Amino acid sequence: MTDALTRPPVVTRVTDLIGRTPLFELARTDNGARLLLKLEMFNPTGSAKIRMARQMIDDAEHRGDLRDGGHIIESTSGNTGLGLAVIAAERGYRFTAVVDNHAAADKLRGMKAMGTELVHVDAADADGDELHTAAREELAESMARGKDNTYFTEQHNNPSNAVGYHEVGREIAQALDHRVDVLIGAVGTGGGLCGTARELKRTVPGLTVIGVEPKGSIAFGPPAHDYYQSGTGTPEGATIGLLVDYDLIDEGAKVGDIEAFATARAVARHCGLLIGGSAGGVVHEALARLPHLAPDSVMVAFINDGGEKYLDTVFDDDWMTARALLDPAVEAEAEEALTKLRRN
């Protein structure tokens, strides 16, 4: 057997490569407080969400909701769909992903390459001002309703989602000998942050958990408005998922698109590390809090995915400029913070 931090030298399935992701020290203050990034882009598909995709299917099989030759259906903005596409390919399932135009093109291409059927929900398919997220969910549910051996994974309300991240908590605790003071991460379905926090809190007393969502998302209250950070937050009109456990989250924070994307771009230029747009929001908030931590504190930021899927958006000046998201001054501030905190 291998432990949580050791991968076997030879594997026979892509899913055997899930987990055991590294921790990267991004910043350190003069008093020894550290910001470590849990780099989930080192999973297959470049995202943490393959962890919960596997757990949802494992549990569905165990309950008998999904059998040989079955059909998986999910509403996804991309990363969950990529994870389910891998599972479906390995186990011989048909997979249909209900998507919209907010999904990164490379995520859609990746799913299609693995044999996924893509069903698009466009603005014309929603009623009036109904958000694509809600329209996607309704369509996915209707496609699965009453169908034999067809399973709608319903990631926002599926308890297996959070269970899939328990291993992240164990990996962090083992790697740091249970010495963690703060866990900070994005809140979308809630599964990633809350699943990790629940397991980590079992062995790490006094852990503080901070959730980060885009400005415009409603999980931590109004005002609601559109935002460009994908795969995270709860847009107006969507229901906050059952996995957002406010008893586990000590504090909620909001970060705007400009700040989130500027930070992701600054990290890329300063460290050579590509992180996703919502991960940029997490790092922005973490860098702001790090100087105020007690000496020798350890803050771990859950980095859901890498930036390679956002080269046409977050890292493209033309795309950013067209949406009034490019702000050189904010990027300069992020680079200055990194310069200062990485010198220590």
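## Strands side by side

In this predicted model, strand S7 (residues 182-186) and strand S8 (residues 208-214) run parallel and are joined by five bridges. Val182, for instance, sits opposite Thr208 in S8.

Zoom out and you get an open sheet of six strands with mixed pairing, in the order S1-S2-S10-S7-S8-S9. Strand S1 (23-28) and strand S9 (251-255) are at the edges with a single partner strand each, so one side of each has no neighbour in the sheet. From one strand to the next, the twist averages 25°.

## A ring pair that reaches into the sheet

There are four aromatic pairs in the structure. In one of them, the ring centres of Tyr165 and Phe302 are 6.0 Å apart with the planes at 75°, so this pair counts as edge-to-face. Tyr165 is in the loop between helix H5 (159-163) and helix H6 (166-175), while Phe302 belongs to strand S10 (residues 298-303), so the pair ties together parts 137 residues apart in sequence. Both Tyr165 and Phe302 are buried.

## A pair between two helices

Phe261 and Trp319 make a tilted pair, at 6.5 Å centre to centre and 55° between the planes. Phe261 comes from helix H8 (residues 257-271) and Trp319 from helix H10 (residues 317-322), so the pair links distant parts of the chain, 58 residues apart.

How buried are these two? Phe261 has a relative accessible area of 1%, and Trp319 has 17%; under 20% counts as buried, so Phe261 qualifies, and so does Trp319. Ring pairs also bring in Tyr228, which forms a cluster with Phe261 and Trp319.

Methods. Residues numbered from 1 in each chain as written. Predicted model: local features only at pLDDT ≥ 70, side-chain atom pairs only at ≥ 80, totals over all residues. Heavy atoms only, no water. Pairing = 2+ DSSP bridges. Helix = DSSP H or I, 4+ residues; strand = E, 2+ residues; numbered from the N terminus. Axes fitted to C-alpha atoms, helices over the stretch in contact; angles between N-to-C directions. Phe/Tyr/Trp six-rings, centres within 6.5 Å; stacked < 30°, edge-to-face > 60°. Buried < 20%, exposed > 50% of the residue type's maximum accessible area, 1.4 Å probe, protein only.
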